[in-house]
Amino acid sequence: MEKRILIKAPAKINLSLDVLHKRDDGYHEVKMIMTTIDLADRIELAELNEDKIKIASQNRFVPDDERNLAYQAAKLLKERYNVKKGVYISILKMIPVAAGLAGGSSDAAATLRGLNKLWNLGLSIDELAELGAQIGSDVSFCVYGGTALATGRGEKIEHLPAPPPCWVILAKPTIGVSTAEVYRNLKLENIKHPNTEAMIDAICNQDFHGICKNVGNVLESVTLQMYPEVHNIKTKMERFGADAVLMSGSGPTVYGLVQYQSRLQRIYNGLRGFCDQVYAVRLLGKRHLD
Ligand SMILES: C[C@](O)(CO)[C@H](O)COP(=O)(O)OP(=O)(O)OC[C@H]1O[C@@H](n2ccc(N)nc2=O)[C@H](O)[C@@H]1O
Ligand SMILES: Nc1ncnc2c1ncn2[C@@H]1O[C@H](COP(=O)(O)OP(=O)(O)OP(=O)(O)O)[C@@H](O)[C@H]1O
């Protein structure tokens with residue numbers, strides 16, 4: 001029988017995102033804390049009889065060719081390990097696209113993990129994360145999942161414990177944001193750096209209020225200035241009573257951390273009044289089990 005593997009690809013949020021300087025290779029040196037949330041794409045990998053990579057998704061914004069990061073992950077493994085087999089990759093997209101939630105990166109990471117099994121490559125998770133860095137800066141983190149401090153251009157990962165459980169409300173305005181453009185518009189002279197060490201302490205101490213006090217993202221003011229609707233969503237989410245509100249990654253998704261379920265519905269309903277894409281999910285924060 002044809003072999004197939006189903007694998008979940010969860011989104012991430014940035015609890016903090018700091019940029020230290022611009023590097024000679026054009027990337028920015030970052031210091032950020034990422035954690036996974038229970039909003040996930042479903043990836044199905046099935047053996048093909050021909051030596052090809054085929055890709056499909058129900059979402060029309062997801063490319064079905066070599067531009068897809070999951071395609072790039074399969075191609076990388078095939079070339080590096082001289083695999084003479086084909087694969088059909090089917091992506092059920094649940095994570096909004098170009099949203100700052102690492103959707104494409106997580107699909108690529110899940111494809112690396114899944115093909116390692118399907119093709120019996122026997123690679124360690126660290127080897128997969130190292131390969132992932134060649135596809136995109138967020139892919140290494142997504143290979144592990146969980147909660148981590150990411151440095152370098154995002155590919156150097158130090159694991160952290162899961163934050164205390166809470167709810168995460170996400171609101172995605174109907175615009176897509178180019179990560180490269182946001183980094184390009186960042187003015188390094190006048191940024192307010194988040195306190196990454198205080199965030200790490202709060203996570204290690206399971207201190208929810210400490211986490212809320214220390215969320216910060218230096219890319220936020222750049223995107224807020226480019227797109228006033230993101231600013232509007234942030235202000236509304238704060239007013240509706242989320243415990244902490246921040247833009248994730250380069251945006252435009254804004255998330256709120258909410259400790260008590262009783263408050264969740266009110267914030268969700270308030271946001272749904274003027275934003276089509278609103279999600280209420282749990283923070284995951286734990287590494288993948290597979
Ligand atoms: C904004 C974040 O999502 C936060 O987690 C990441 O820093 C971006 O991760 P990503 O989308 O995987 O980024 P990549 O696909 O590697 O890079 C997209 C573009 O963003 C810019 N970029 C990205 C990462 C980084 N540390 N410095 C950068 O300047 C570069 O212009 C790059 O060409
Ligand atoms: N598997 C994929 N899923 C979604 N988009 C993809 C995928 N592969 C490639 N792309 C392309 O990547 C672009 C960015 O999509 P993605 O959803 O990964 O952004 P993002 O969440 O902002 O990423 P990040 O947070 O890592 O910066 C899309 O516009 C799309 O053309």
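At what angle do α2 and helix α3 pack, and how far apart are their axes? The legends below start there.

**View 1. Two helices, α2 and α3, crossing each other.** This is a predicted model, where local features need pLDDT of at least 70, side-chain atom pairs count only at pLDDT 80 or more, and totals for chains, interfaces and linings use all residues. Residues are numbered from 1 along each chain as its sequence is written, while chains are lettered from A and ligands numbered from 1 in the order in which they are written. The answer to the opening question: α2 and α3 (residues 125–132) pack at about 140°, and their axes sit 10 Å apart. That makes α2 oblique to α3. Their crossing is right-handed.

Some terms for this view: helices (H or I, at least four residues) and strands (E, at least two) are DSSP runs, numbered from the N terminus. Axes are lines fitted to C-alpha atoms, for helices over the stretch in contact, and angles run from 0 to 180 degrees between N-to-C directions. Angles under 35 degrees count as roughly parallel, over 145 as roughly antiparallel, 65 to 115 as roughly perpendicular and the rest as oblique. A crossing is right-handed if the near helix is turned clockwise from the far one by less than a right angle, and left-handed if anticlockwise.

**View 2. The shell around ligand 2.** Here 22 residues surround the ligand, and the closest are Ala-102, Gly-103, Gly-104, Asp-107 and Gly-249 (a residue is near if its C-beta atom, placed from the backbone, lies within 6 Å). Helix α2 (103–118) shows up again: it gives four residues, the largest share of this shell. At least two residues come from each of α1 (69–80) and α2. By type, the shell splits into 10 nonpolar, nine polar and three charged residues (Ala, Val, Leu, Ile, Met, Phe, Trp, Tyr, Cys and Pro count as nonpolar, Asp, Glu, Lys and Arg as charged, and the others, Gly among them, as polar). Why does ligand 2 lie between domain 1 and domain 2? Because domain 1 (4–160) and domain 2 (167–282) both give residues to its shell, with bounds from an automatic or database domain assignment.

**View 3. Two backbone details, at Ala-102 and Pro-252.** Ala-102 isn't a glycine, yet it has a positive phi of about 60°. You'll find Ala-102 in the loop between β4 (86–92) and α2. The peptide bond from Gly-251 to Pro-252 is cis, with omega near 5°. Pro-252 sits in the loop between β9 (244–247) and β10 (254–258).

**View 4. The shell around ligand 1.** Of the 18 residues here, His-28, Gly-136, Ser-137, Arg-153 and Gly-249 come nearest. Two or more residues each come from β1 (4–22), β2 (28–48) and α5 (179–185). The shell holds seven nonpolar, nine polar and two charged residues. Domain 1 and domain 2 each contribute at least three residues.

**View 5. Lys-12 and Asp-138, listed by UniProt as "active site" (unreviewed entry).** UniProt annotations may be inferred rather than shown by experiment; positions use the numbering here, and feature names are shortened. The two are spread over 127 residues of sequence but cluster in space, with a largest C-alpha distance of 9.3 Å. Lys-12 belongs to strand β1.

**View 6. Another helix pair, α9 and α10.** Helix α9 (residues 228–240) packs against helix α10 (residues 261–272) at about 150°, with axes 9 Å apart. The pair is therefore roughly antiparallel. This crossing is right-handed.
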